[in-house]
Amino acid sequence: MSGQSFRAIQWRSGTITLLDQTQLPNREAYVEARTVEDVAQAIERLVVRGAPAIGITAAYGMVLAAEQSEDLEAADRRLRRTRPTAVNLFWALDRMARVWRVGGSAAELADEATRIDEEDAASCRRIGELGAEIIPDGARILTHCNAGALATSELGTALAVIRVAHARGKRIQVFADETRPVLQGARLTMWELMKDGIDVTLVPDVAVAHLLYEEQIDCAIVGADRVAKNGDVANKIGTRGVACLMCAHEKPFYVAAPWSTFDPSLEDGRAVEIEERNPEEVRQIRGVAIAPEGARVRNPAFDVTPARWVSDLVTDRGRTGADLAAGLARLMGPEFSERTPPPRSVAH
Ligand code: MRU
């Protein structure tokens, strides 16, 4: 259905083969991770990135550790230290820990990692189907960062919605913003959607407000790294700005994420740890200096969008509707509603 001709992560016993996302779009190169340290560094360097993809990769990393009779506590600790924001990493490692802590074998761990991978693929398909319903024929859709097949097991989240809408014959036009500083939009979303033959136009991040002023954008859809109980969304830096602009222009701003991105332990987005990355990512573009050497830099990799700016959250369990907190409680079921009701989103 998707036309997707690549996989970001491939597993066979002893090796995780990763499509090296640092090389895209110039080179379609694969790297092989054979040790936990290889896996940890691949996640840190963004060889593999995107919330579900790093969870899946870390899960396979634990299988490598078990196959090599490594200290599983140490492997788990190393992988948890790689990137702090996407909850999928911790969610996947928690699932793996439930197997190895009770003495599960390497084969049992491989089964669990494969289940995490396959369940993510199913979630992406479901998100695509549910999300495509809210995309009108002829829609001009903005997306930020890369929430595509590169960031998941397959299809993506925000890009699954776009792919399924396209496959259903809806005439859609996509705008991908560059997503400074690491350019996931320019390098990765453009690469994926062009490969699929979907109508996509690259725009500088700073052009979004102007395109809205020109009435060129009908809605925006992005992925997520962590969704709090009240519906606040942590996602790639710049998402908050896009959401704010959509709100100011009275256009819908949608988020698409699998249930594994929901973190019911957080009341709201303020408690999300925001990764601060290497200043060189801002001082340089792919090795070429764009600021004076030694320029002081801030490089937060994520931001938090308040639930009240999100028009709908599409998950594999269903859509929340505009009241994200209530929708999340409903989708979570009795386990959630037995607890204190989540507070309404607060301004921050
Ligand atoms: O730093 P990255 O590239 O890992 O950030 C990725 C994002 O913010 C994505 O939007 C998010 O993980 C959702 S991917 C389906």
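A cavity here is a set of points, on a 1 Å grid over the protein atoms alone, where a 1.4 Å probe fits but cannot get out; a molecule sits in one if more than half of its atoms lie within 2 Å of its grid points. The model is predicted, so to speak on its own terms: local features need pLDDT of at least 70, side-chain atom pairs count only at pLDDT 80 or more, and totals for chains, interfaces and linings use all residues. Residues are numbered from 1 along each chain as its sequence is written, and side-chain values use heavy atoms, with hydrogens and water left out.

The largest cavity turns out to be the space taken by the ligand. Two elements each give two or more residues to the shell around the ligand, α2 (51–67) and β9 (233–236) (DSSP runs numbered from the N terminus: helices are H or I, at least four residues, and strands E, at least two). Of the 17 residues around the ligand, the nearest are Arg49, Arg83, Asp225, Asn235 and Lys236 (a heavy atom within 4 Å counts as near).

The protein buries 99% of the 420 Å² that the ligand exposes when taken alone (Shrake-Rupley, 1.4 Å probe).

Methods
On a 1 Å grid over the protein atoms alone, a cavity is a set of points where a 1.4 Å probe fits but cannot get out, and a pocket is an open set with protein on both sides within 12 Å along at least five of seven lines; lining residues have an atom within 4 Å of a point.
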